[in-house]
Amino acid sequence: MNFSQLDSYLKSEGGLSRRLFLSYSAALSSVPFLGVGCSSFKSYEKFDKNPFTLGVASGDPNHEGMVLWSKLAPQPLQLDSGMPLEGQSRVKWEIATDASFKNISQSGTTVASSELGYSVHVETTGLQPDSWYFYRFHCGNYTSSVGQTRTMPLDSAKVQKLKFAMTSCQSYEQGLYTAYEQMAADNVDLVFHLGDYIYEYAGKDGRVRKHLGKEIETLAEYRRRYAQYRLDKHLQIMHAKCPWLVTWDDHEFDNNWADEVSEKKGVNKASFLKRRAAAFQAYYEMMPLRKTSVPNGIDMTLYRQSSFGQLANFYVLDTRQYRTDQPNGDGKDPLNAAAKNPANTLLGKDQKAWMYSSLNKSTATWNVLAQQVMMATVNTQRKKNQPAVYSMDQWPGCVSERNEVMRFMSERKISNPVVLTGDIHSNWANELRVDDLKMESKPVATEFVTTSLSSGGNKGQGTTFENIYKSNNASVQFHNTERGYILCEVTPDQWLSHYKVIDDVEKAGGKTSIRASYAVQAGNAKILTA
Ligand code: FE
Ligand code: CA
């Protein structure tokens, strides 16, 4: 749905008053990048307190630059973050080859505007390929912390090694971000965040930490929730350590949402779409994303490509915004006619066409789908001698499309497809076949599913259904329910995934260790014990 369609939809629905709708559309349609310097807003640059409380971040790197991010928030836990309702601030940025900023490569001034929550997204170009940099911001008499970032190698470069981490599901209430402190010591080139960066729920007593306020619905509430998460020093440290490629899952907006459909019945559609627009805008504001991801009405383009020389191409997917509603609700079901309906989609037509054409053009050794929900057709039945059931919120709910994607990979001989997944709060290593229920065929791709960074807390650590899941699913090579993340080391010959788990996610000082490592040799999707 584009903006004018939303306009007529909301009018026909009568869910919003005309006056409310006009103010809503004015806020949504403003694109401050076009208005930089010519807005009638008052400029605001004198601060009593440091406005850089949320740290810095970088992301979406290519061979000549990346997005440098920060946000002005002198009172980050106030709904207005301590900034005027309408206003703008000039923010100076610098990027250098040294931490003391003696050798500044580039610098400039950008405008942080109230329309996008005083966030700053600087898209640098013209930097050296395959190089590390330091960056910082100044506003008024304050200077931000310093971040480290890097450019990717040239697309044609024969790169020998890439090291990256993948993470997801970081409930602030259920655990600490100690694992990020330890991830910072891994010295990775990149981080993939695969969704559930925040959770939308109301604060609950008796947990490790507590969300401020009720379930978030307004733009101010989404902004404050992100601020509460990003004030965590370990999360800030990891953002400042290297560029991130982020994508959302459901909780950045609402549990198990599917395009314009809420998980709950009877939700007013107009207010659901208004909430979606607020959630998308707050996500854009808080993440190091390019202009191509600036929200447009209730839409926001998050699917995109990145690459690491000839070694790997990354296709970052959005399996929420364009999907059809989950068949038979969001729970577990047999692979019945509703799940097999070829009209079911997680990708939507445009994203799928883009993904296929990008994969077709790829000359990279590894072709990596960075996405949200499990692609293996996994029978998650925990009881003995009961019929198989599959998660309808994951790829089995769109099993025709899932098999079509795998058939495409197989028929077009896409080089070494690897799928990165989050969402499920447990670790998995899965072999993917055109039809996962036909085990006699050869695996086409490999899926590494990262557990939650903190969601679930210590509860469930060590209890596993490993034996049941493995005996019910020949494609599952590893399953484990501890908290942590996956560290990947990739060369032209081999992919290596280390499952790093943390012994205590609820108390400071938890220690991470490698629970298991699995390898894939280029040319064969079979998972090997490393
Ligand atoms: Fe989650
Ligand atoms: Ca999720």
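Are Tyr-226 and Tyr-283 buried or exposed? Tyr-226 is buried, and Tyr-283 is buried too; here buried means under 20% relative accessible area, exposed over 50%, and partly exposed in between, with a 1.4 Å probe and protein chains only. This is a predicted model, in which local features need pLDDT of at least 70 and side-chain atom pairs count only at pLDDT 80 or more, while totals for chains, interfaces and linings use all residues. Residues are numbered from 1 along each chain as its sequence is written, chains are lettered from A and ligands numbered from 1 in the order in which they are written, and side-chain values use heavy atoms, leaving out hydrogens and water.

**The iron ion**

- Cys-169 (SG), Asp-196 (OD), Tyr-199 (OH) and His-425 (NE2) coordinate the iron ion (ligand 1) at 2.1 to 2.5 Å. Donors are N, O and S atoms within 2.8 Å of the metal (3.2 Å for Na, K and Ca), and water is not among the atoms, so sites may look incomplete.
- The arrangement is irregular because the four donor atoms subtend angles of 84 to 166°. Four donors count as tetrahedral if all angles lie between 85 and 135 degrees; four count as square planar and six as octahedral if opposite donors are over 155 degrees apart and all others between 65 and 115; anything else is irregular.
- Tyr-199 is buried, with a relative accessible area of 5%.

**The calcium ion**

- Helices (H or I, at least four residues) and strands (E, at least two) are DSSP runs numbered from the N terminus.
- Asp-196 coordinates both metals, and the two ions are 3.9 Å apart.
- Asp-196 counts as buried at 1% relative accessibility.

**Aromatic rings**

- The structure holds 29 aromatic pairs. Rings of Phe, Tyr and Trp (its six-membered ring) pair if their centres lie within 6.5 Å; planes under 30 degrees apart count as stacked, over 60 as edge-to-face and the rest as tilted.
- Tyr-226 and Tyr-283 form an edge-to-face pair, 6.4 Å centre to centre with 65° between the planes.
- Tyr-226 sits in helix 5 (residues 219-230) and Tyr-283 in helix 7 (residues 269-286), so the pair ties together parts 57 residues apart in sequence.
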